[in-house]
Amino acid sequence: MKLYQNEISSATSRVRIALALKGLTAEALPVSILGEDAESRQSAYRTVNPQGLVPALLTDNGVLITQSLAIVEYLDEVQPEPPLLPDTAEDRAQARSIALAIAAEIHALLPPRIGLHLKAAFQADADAVAAWSRHWVGEGMAAVEAIIAGRRQGAFAVGDRPGIADIFLFPQAISARRMGFDLSRWPNIAEIVGRLEAIPAFQENAPAPRK
Ligand SMILES: N[C@@H](CCC(=O)N[C@@H](CS)C(=O)NCC(=O)O)C(=O)O
């Protein structure tokens, strides 16, 4: 397998954590994502992934899978142990709800292309883009905290083993902390993240800080 990725990418971090939990490896194919001239915006990479996003996983059969949730679920299917989804249909739905609340509602408003467009189309400066990101992270993580708290029964976001919900939660929480949020304002998230930070698969595959 080969993984188009970037070390600062929170969405890439999800896939790297899943690979590590499964004991799988993928050859890293770095794609730059910052700035107007980033490789993610060039036609060479767009012919690989028309969305111009990382991560994208090239399987051993030469099939490209885009979108981190699809990639993580693919890995869970081809390597079922340890399972990344909970045992009951309701808990699996809860895990996917948390993953999507992060990927589709919070993270989707934050990547470099969003900031570039806010600057180009609406003359937003760096402070305005930062305020935009803080707003959506603050509002979104408060909602995720409530979703987790509403049905939490174990040590992790859903149940007693780390899974898809934690894989999506962890990089977003690390990035929120780097933005200046004190995670203790979200007590369940803070406790879960503290536990995940002690697990090498999570700790070693957190998104790298932006330089
Ligand atoms: N929903 C996608 C999001 C992917 C995404 O936005 N990736 C970012 C890095 S974290 C990216 O490639 N950004 C390039 C850009 O914004 O130009 C997923 O979960 O894979």
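**Notebook: sheet and pockets**

I looked up the sheet in this predicted model. Four strands make an open, mixed sheet, ordered E2-E1-E3-E4. I took strands as DSSP E runs of at least two residues and helices as H or I runs of at least four, numbered from the N terminus; two strands pair if DSSP finds at least two bridges between them. The edge strands, pairing on one side only, are E2 (27-30) and E4 (64-66).

I checked E1 (residues 2-5) next. E1 runs parallel to E2, joined by four bridges. Tyr4 stands opposite Leu29 in E2.

Then I turned to the largest pocket. I counted as a pocket an open set of points on a 1 Å grid over the protein atoms alone, where a 1.4 Å probe fits, with protein on both sides within 12 Å along at least five of seven lines; lining residues have an atom within 4 Å of a point. Of its 50 lining residues, the closest to the centre are His107, Leu110, Pro111, Pro112 and Arg210. H5 (112-122) gives the largest share of this lining, seven residues.

Why does the largest pocket lie between domain 1 (2-78) and domain 2 (89-203)? Both domains give residues to its lining, so it lies between them. The domain bounds come from an automatic or database assignment.

Notes on conventions: residues are numbered from 1 along each chain as its sequence is written, and side-chain values use heavy atoms, without hydrogens or water. Local features need pLDDT of at least 70 and side-chain atom pairs count only at pLDDT 80 or more, while totals for chains, interfaces and linings use all residues.
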